[in-house]
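Please walk me through this structure, one part at a time.

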Number of protein chains: 2
Amino acid sequence: MISQENLIQAHLRIKPFIHRTPVLTSERIDKQTGCQLFFKCENFQKVGAFKARGAMNAALQVLHKNLENGLATHSSGNHAAALARAASIVGTSAYIVMPRTAPEIKKKAVLGYGGKIFECEPTLKAREEMLAEVIKKTGATEIHPFNNEHVIAGQASVAKELLEDIPKLDFVLAPVGGGGLLSGTALAVHYFSPTTQVIAGEPEGADDTYRSLQSGKIELSQANSIADGLLTSLGDKTFPIIQQHVKEVITVSDAEIIQAMRTIWETMKIIIEPSCAVPFAALLKQKEKFAGNRVGIILSGGNVDLEKVLKLFTS
Amino acid sequence: MISQENLIQAHLRIKPFIHRTPVLTSERIDKQTGCQLFFKCENFQKVGAFKARGAMNAALQVLHKNLENGLATHSSGNHAAALARAASIVGTSAYIVMPRTAPEIKKKAVLGYGGKIFECEPTLKAREEMLAEVIKKTGATEIHPFNNEHVIAGQASVAKELLEDIPKLDFVLAPVGGGGLLSGTALAVHYFSPTTQVIAGEPEGADDTYRSLQSGKIELSQANSIADGLLTSLGDKTFPIIQQHVKEVITVSDAEIIQAMRTIWETMKIIIEPSCAVPFAALLKQKEKFAGNRVGIILSGGNVDLEKVLKLFTS
């Protein structure tokens with residue numbers, strides 16, 4: 001059970017190591033959508049995504065006697081760089097298991113923070129086996145990308161800051177993959193602004209959260225979307241929080257994600273990654289639900305392969 | 001002669017109608033360049049570029065008896081949308097002569113602000129003839145994109161804000177096309193931070209300012225660069241100010257511009273147009289000149305055709 005005090009402590013703990021990211025607005029998008037939108041820009045966060053927060057909080061919570069053996073995880077995405085950075089800040093090693101198909105730019109980011117990469121086949125099984133082996137050899141502490149209470153408490157600081165800067169929001173929208181950001185958001189809203197509703201955006205081709213809320217148990221993701229940060233299924237730590245505190249999941253197609261991403265690039269002149277555009281795509285899809293309201297949208301990250309994204313725009 | 005008082009009054013006059021744009025920093029770019037950089041983000045300005053300032057100031061200075069006949073200009077770029085917006089704010093018509101080859105997105109922006117477009121052949125002669133005809137018919141007041149003291153005083157507010165937010169800069173870098181932004185920047189620095197040096201970035205394929213400072217007279221631009229906002233030659237109002245107050249012009253190739261633009265997109269997660277990347281490209285080219293210094297860089301705008309940029313990044 002993650003308490004209000006846990007969230008406050010987590011935020012204080014990581015503050016010196018993260019950016020307090022700006023909240024941007026756009027008159028043009030407000031006019032287009034009929035609501036007042038507040039975009040919390042985690043694309044400007046350290047390592048280019050909110051993941052810097054959770055990894056930092058978790059790293060700072062590892063007991064000193066365990067810390068010297070290093071931190072470990074498997075990740076093909078932003079958590080990999082975030083953990084490598086956190087490990088370098090607390091002065092220990094980071095062992096990152098990455099599928100050999102992970103983008104070069106993500107591998108470079110890990111190496112740039114001094115992390116050690118272990119490449120494996122791009123299957124969950126191969127990743128887990130390689131991680132177990134690495135941990136056995138090194139004695140490193142595993143920091144899971146989302147199914148970890150310290151990580152969830154760290155991610156909660158995004159919504160906490162948003163609510164501090166912009167009070168009286170009617171809705172907060174966040175994307176959902178494994179649910180670290182969404183469960184943290186839901187807890188922050190529950191504790192700090194209980195009348196605000198939390199709604200998730202999810203890709204149609206990875207709509208396991210939508211289905212999990214319907215069936216009442218964790219469903220598996222089909223992992224079929226351009227939103228490459230949202231392909232995982234929920235964990236047993238994130239699902240119960242989401243079940244309790246998230247009002248609704250709105251699913252969107254890849255075409256809707258690309259259109260939403262392009263609108264933000266062109267109108268706001270900021271770069272966001274496909275996964276990051278999902279909550280805004282959800283709002284565009286169900287405009288009438290939000291009309292006339294004050295809506296916070298968490299922009300989760302801005303790490304893109306430019307060639308790939310620009311091709312999405314032209315195809 | 002544009003006085004310090006003119007700049008102060010211009011800034012007060014336009015303040016209600018423009019954004020005070022943020023100044024962003026990047027630890028990663030500071031490390032890469034060895035200096036402390038402060039990016040003044042006019043890509044987040046109304047109409048997506050600093051041009052909103054000068055057009056607004058000029059529109060607010062037109063005598064009431066002349067105002068009802070409308071405002072007119074020829075422009076294929078950001079000044080067109082800026083003037084259409086300014087005219088709609090002061091409650092008059094905007095007559096914009098545009099070459100028929102101007103990008104659709106720019107035409108749309110003008111129409112979106114209620115401007116009337118007159119298409120002509122894409123030559124300076126055709127543009128000037130068509131503008132003269134429109135003015136003869138309508139009695140509209142011409143607002144030149146840069147060779148106009150009210151426009152220059154308006155553009156000066158960019159550097160004025162930058163110097164207010166970030167004192168004690170050693171250098172301010174701005175791009176130069178017709179010289180509206182550069183001469184305004186030079187005046188603001190001269191009046192408000194006289195020990196700061198102003199340096200211009202200019203495309204090699206449109207290096208008329210570089211040559212003009214050498215020869216002591218206005219040279220014509222070859223107009224051959226991807227920096228499509230910087231292809232014009234100086235005017236008789238901008239050249240003398242630049243001659244007196246700009247320390248140096250650094251020229252850069254298109255390849256250097258593309259590389260600088262890409263670094264800003266990927267590292268800072270913001271969208272800037274090719275012209276806007278020119279001063280940063282100039283700094284990267286002559287790093288040693290700026291090492292250890294506090295440098296302000298004016299990011300002039302963010303209006304890009306995404307398909308076109310993709311081609312630049314992949315070719």
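Predicted model: local features only at pLDDT ≥ 70, side-chain atom pairs only at ≥ 80, totals over all residues.

Strand 3, residues 71-74, is joined to strand 6 of chain A by 2 bridges, and the two run parallel. One residue of this pairing is A:Ala72, whose bridge partner in strand 6 of chain A is A:Glu142. In general, strands of a sheet pair through backbone hydrogen bonds, either parallel or antiparallel.

Strand 1 (residues 23-24) of chain A and strand 2 (residues 36-41) of chain A run antiparallel and are joined by 2 bridges. Here A:Val23 stands opposite A:Lys40 of strand 2. Strand 2 of chain A is also joined to strand 10 (residues 294-299) of chain A, this time by 6 bridges and in parallel. A:Cys41 has A:Leu299, in strand 10 of chain A, as its bridge partner.

In chain B, the strands with these numbers can be followed through a whole sheet. An open sheet of 6 strands in chain B has the order 1-2-10-7-8-9, with mixed pairing. Strand 1 (23-24) and strand 9 (248-252) of chain B are the edge strands, and each pairs on one side only. Within this sheet, strand 2 (residues 36-41) and strand 10 (residues 294-299) of chain B run parallel, joined by 6 bridges. The bridge partner of B:Phe38 in strand 10 of chain B is B:Gly296. Helix 9 of chain B, residues 180-192, packs on the sheet and touches strand 7 (171-175), strand 8 (197-203) and strand 10 of chain B. The direction of helix 9 makes about 165 degrees with that of strand 7 of chain B.

Helix 10 of chain B brings in another part of the chain. Which residues of helix 10 (residues 208-215) of chain B are buried? They are B:Asp208, B:Thr209 and B:Ser212. Seen down the axis of helix 10 of chain B, these buried residues fall within an arc of 95 degrees, so they line one face of the helix. The elements that cover them include strand 8, helix 11 (238-245) and strand 9 of chain B. After helix 10 of chain B comes B:Gly216, with a positive phi near 80 degrees.

The corresponding helix in chain A can be read in the same order. In helix 10 (residues 208-215) of chain A, the residues A:Asp208, A:Thr209 and A:Ser212 are buried. They cover an arc of only 95 degrees around the axis, and therefore lie on the same side of helix 10 of chain A. Strand 8 (197-203), helix 11 (238-245) and strand 9 (248-252) of chain A are among the elements that cover them. A:Gly216 follows helix 10 of chain A, and its phi is positive, near 85 degrees.

B:Pro103 lies in the loop between strand 4 (94-99) and helix 6 (104-112) of chain B. B:Pro103 is partly exposed because 16 other C-beta atoms lie within 10 Å, where a buried residue would need 20 or more. B:Pro103 and B:Ala153 are 50 residues apart along the chain, and their C-alpha atoms are separated by 28 Å.

How are the two chains related? The same surface serves both copies, as 93% of the contact residues of chain A recur in chain B.

Between the chains, 14 residues of chain A are in contact with 15 residues of chain B. Helix 15 (residues 306-314) of chain A gives the most to the side of chain A that touches chain B, with 6 residues. The residues on that side of chain A divide into 7 nonpolar, 4 polar and 3 charged.

Note on methods
Residues numbered from 1 in each chain as written. Chains lettered and ligands numbered in written order. Pairing = 2+ DSSP bridges. Helix = DSSP H or I, 4+ residues; strand = E, 2+ residues; numbered from the N terminus. Contact = placed C-beta atoms within 7 Å. Nonpolar A, V, L, I, M, F, W, Y, C, P; charged D, E, K, R; others polar. Axes fitted to C-alpha atoms, helices over the stretch in contact; angles between N-to-C directions. Buried ≥ 20, exposed ≤ 12 C-beta atoms within 10 Å, placed from the backbone. Arc of directions from axis to C-beta.
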